[in-house]
2 protein chains.
Amino acid sequence: MENKYLSIYNQISDQIKKGEMEPDTLLPSENELTTLYDTSRETIRKALNLLSQNGFIQKVRGKGSIVIDVNKFDFPVSGLVSFKELAQKIDNKVRTIVKEFSLVKPDEHVKQQLNLTSKDLVWKVVRVREISDEKIILDKDYLVKKYVPGLTEEICADSIYSYLENDLNLTISFAKKEIIVIEPTEEDRNLLDLEGFQNIVVIKNYVYFDDASLFQYTESRHRPDKFRFVDFARRNH
Amino acid sequence: MENKYLSIYNQISDQIKKGEMEPDTLLPSENELTTLYDTSRETIRKALNLLSQNGFIQKVRGKGSIVIDVNKFDFPVSGLVSFKELAQKIDNKVRTIVKEFSLVKPDEHVKQQLNLTSKDLVWKVVRVREISDEKIILDKDYLVKKYVPGLTEEICADSIYSYLENDLNLTISFAKKEIIVIEPTEEDRNLLDLEGFQNIVVIKNYVYFDDASLFQYTESRHRPDKFRFVDFARRNH
DNA sequence: AAGTGGTCTAGACCACCCT
DNA sequence: GGGTGGTCTAGACCACTTT
């Protein structure tokens with residue numbers, strides 16, 4: 001059984017997505033919603049806060065909650081998105097090629113990023129992502145072995161994320177992301193179809209488990225013309 | 001007088017920043033915190049949720065709230081950051097040059113982005129940002145005139161944001177952001193010190209007022225080597 | 001079994017917007 | 001003044017982790 005506030009969130013967000021709620025109009029007031037959904041006001045507010053955080057409504061003190069036109073833009077693809085999820089949205093001519101799958105001693109950079117001792121070993125996974133027959137993305141993953149001892153090359157060819165979440169039942173909770181643009185290395189030029197491009201976009205990801213242990217460092221290196229990042233920022237006053 | 005939950009949030013986040021809370025240890029439990037701060041549990045939870053959202057702690061059901069090592073990385077500069085704020089963080093050799101300040105009929109692209117009628121006029125502001133004597137950033141802003149009739153060139157040379165928020169008392173509430181990498185235009189080459197760079201990073205911003213009206217469209221065009229974007233993503237399950 | 005965080009309730013007071 | 005969302009409370013039950 002789903003949470004009450006999540007269920008309310010889903011019902012209202014569905015209505016907004018489908019256009020059943022007119023953009024720029026007001027939602028029923030919180031008091032009305034309590035009777036509509038037969039619940040308490042705090043529960044309604046939890047659902048509305050989620051809607052606001054995810055860009056469906058805008059709450060205004062003294063007035064009400066305004067429905068935002070979500071279909072005006074294509075929808076935010078913010079936060080953590082695995083390649084597999086992404087690929088399914090774009091089209092189906094996608095392929096993952098595992099270039100390297102090995103157990104290594106972390107070099108200084110990785111060791112520091114993952115906060116490891118010298119004894120810890122890490123999986124190093126290098127994968128090329130091909131979209132419509134072009135090699136667009138180079139993914140380099142470093143995963144702490146003690147957390148995922150049973151990783152295999154087959155899993156990497158599919159999706160590491162779904163293995164961690166569905167098979168191992170580990171939940172990935174949050175990540176720090178950094179985006180920079182640099183000149184491609186020899187390796188980038190060898191493995192990707194870079195054509196004449198002078199720059200690549202590097203997304204560095206620091207991935208944590210639910211219990212706040214940092215277990216994965218990922219570099220995703222994109223050909224610049226195919227890169228696109230969408231974010232829905234909210235301001236904390 | 002500050003909110004209770006905000007005040008608690010500030011006290012705890014300060015302690016974490018200063019290292020007075022040991023990273024990887026547990027915060028006092030929510031029940032203990034209610035007596036420590038003499039408040040109700042829901043108020044404590046509001047403060048803790050803020051801490052969690054901003055990457056200070058990680059909450060774990062059945063265990064407690066783990067303090068995250070925030071000093072391990074430089075701190076997230078996520079969300080909306082004005083050039084002025086940013087410049088103050090980096091160094092002081094920064095300058096803003098207003099290249100264009102005019103009232104124009106919006107072209108089709110801008111008109112569509114801002115959801116305007118043909119009668120609406122917009123301010124077009126083009127500014128070059130110079131850091132350490134290099135022209136690094138080209139900012140193009142389009143602001144709906146009816147919302148900010150009194151804009152002047154002097155204001156643009158300083159900070160449009162602080163004018164809107166401090167002088168006009170308008171609050172900018174949230175924005176959708178899109179980052180792409182493209183080839184520079186003639187204009188980019190003319191106005192920026194692009195040296196040999198073949199790409200520029202374009203950040204498109206859609207800025208809203210508190211009442212959910214979209215009033216500004218901004219393109220910030222950065223030389224790739226000086227661009228850096230940091231985000232602290234949380235996953236919604 | 002005891003302690004933790006997650007959800008939910010019913011009620012209160014406040015700041016703000018509109019008419 | 002009546003309606004709106006924002007904050008705060010005291011208490012309840014639940015799911016989960018640890019001992």
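Strand β5 (residues 134-144) of chain B runs antiparallel to β8(B), and 7 bridges join the two. This is a predicted model, in which local features need pLDDT of at least 70, side-chain atom pairs count only at pLDDT 80 or more, and totals for chains, interfaces and linings use all residues; side-chain values use heavy atoms, with hydrogens and water left out. Residues are numbered from 1 along each chain as its sequence is written, while chains are lettered from A and ligands numbered from 1 in the order in which they are written.

**Strands of chain B**

- Strands (E, at least two residues) and helices (H or I, at least four) are DSSP runs, numbered from the N terminus.
- Two strands pair if DSSP finds at least two bridges between them.
- Within β8(B), Arg221(B) is the bridge partner of Leu138(B).
- β8(B) also pairs with strand β7 (residues 200-209) of chain B, in the antiparallel sense and over 8 bridges.
- Leu214(B) in β8(B) stands opposite Tyr208(B).
- Strand β8 (residues 214-222) of chain B is mostly covered, with 9 of its 9 residues buried (under 20% relative accessible area, with a 1.4 Å probe and protein chains only; exposed is over 50% and partly exposed is in between).

**Surface near DNA strand C**

- DNA strand C is surrounded by 24 residues, and the closest are Lys4(A), Thr39(A), Arg41(B), Glu42(B) and Arg45(B); a residue is near a strand if one of its heavy atoms lies within 4 Å of it.
- Of the atoms of DNA strand C that come within 4 Å of the protein, 68% belong to sugar and phosphate.
- By class, this surface has 13 charged, 9 polar and 2 nonpolar residues (Asp, Glu, Lys and Arg count as charged; Ala, Val, Leu, Ile, Met, Phe, Trp, Tyr, Cys and Pro as nonpolar; the others, Gly among them, as polar).
- A polar side-chain atom of Glu42(B) is 2.3 Å from a base nitrogen of DNA strand C.
- The side chain of Arg41(A) has an N or O atom 3.4 Å from a base nitrogen of DNA strand C.
- For Ser29(B), a side-chain N or O atom lies 3.3 Å from a phosphate oxygen of DNA strand C.
- α3(A) gives the largest share of the surface near DNA strand C, 4 residues.

**Val104(A)**

- Val104(A) belongs to strand β3 (residues 94-104) of chain A.
- Val104(A) is partly exposed because its relative accessible area is 22%.
- Beyond its neighbours within four places in sequence, Val104(A) is in contact (heavy atoms within 4.5 Å) with Leu121(A), Val122(A) and Lys124(A).
- From C-alpha to C-alpha, Val104(A) and Leu121(A) are 5.8 Å apart in space and 17 residues apart in sequence.

Technical notes: A polar contact is a pair of N or O atoms within 3.5 Å; within protein, one must be able to donate a hydrogen and the other to accept it, and residues adjacent in sequence count only if both atoms are side-chain atoms.
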